[in-house]
Amino acid sequence: MSYENIILDRSERVAKITLNRPKALNALNSALIFELNAALDDLEADHAISVIVLTGNEKAFAAGADIKEMQTKSFIEAYSGDFIGPWERVTRCRKPVIAAVAGYALGGGCELAMMCDFIIAAENAKFGQPEITLGVIPGAGGTQRLTRAVGKSKAMEMILSGRMIGAEEAERANLVSRVVPVDELIEETMKVAERIAHLSQPIVAMAKSAINTAFETALAEGVRYERASFYATFATEDQKEGMAAFIAKREPSFDNK
């Protein structure tokens, strides 16, 4: 399909989705989310693509949900229409999704970035959940994912006051994996994506699932899940190849089997 609110680029094994509503600072509306989800469906089904990068522009990853679209909604319209529910599609991707964030990632934009598997931030990135200043609270996981990422105290302060934090503070708080110069953001993110894309994709999927389980279960249950997944890797050809390559002191050649 053709897209108006996103730009989809494919390289050898990595796809890049760029949010493309620059005049609205990439504010998230229903049309954009529909196109994003359609692109994710397409990329999940494309066996040539192993990793997905989600980004915006230098001014904004996404400055929030589109307030003009939300302002007139009633409770029954939001509830019955499952408003924001479709945003969760990112969290169901089996393939790794990396957020490359420059500029503003606020409200829904911050929540969308947190739905990705990890965030690489440019030095000018700003993160925040300012919904309280609009008379609402985060609705796309902000109170949940932000708290798990940065802890109760900082999440409480940010959400109750609406305060934004910069990239360096976000890195210290474990919200982002690392910070890079603005003009190197896409290049550095693509390097990480390409490195992951050249590994065994079934094993990458197992590792991703095990890490996500750590956030959803108790420690003992999570360790059991990890152990079972670890044992399962020994049923793959890639495990044999990876260990044989290590012993032979050569680069492995994974076939995703």
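The stops that follow cover a strand with its partners and then a pair of helices.

This is a predicted model, in which local features need pLDDT of at least 70, side-chain atom pairs count only at pLDDT 80 or more, and totals for chains, interfaces and linings use all residues. Residues are numbered from 1 along each chain as its sequence is written, and side-chain values use heavy atoms, with hydrogens and water left out.

Select residues 118–122, which form strand S7. Strands (E, at least two residues) and helices (H or I, at least four) are DSSP runs, numbered from the N terminus. Four of the five residues of S7 are buried, so the strand is largely enclosed by the rest of the structure; buried means under 20% relative accessible area (1.4 Å probe, protein chains only).

Strands pair if DSSP finds at least two bridges between them. Within this pairing, Ala99 has Ile119 of S7 as its bridge partner.

Then select residues 178–180, strand S10, which is parallel to S7 and connected to it through three bridges. Here Val179 of S10 lies opposite Ala121.

**Helices H4 and H5**

Finally, display helix H4 (residues 108–115) and helix H5 (residues 142–150), whose axes come within 10 Å and cross at roughly 60°. Which residues make the contact (heavy atoms within 4.5 Å)? H4 contributes Glu111, Met114 and Met115, while H5 contributes Gly142, Arg145 and Leu146.

Note on methods. Buried < 20%, exposed > 50% of the residue type's maximum accessible area, 1.4 Å probe, protein only. Axes fitted to C-alpha atoms, helices over the stretch in contact; angles between N-to-C directions. Contact = heavy atoms within 4.5 Å.
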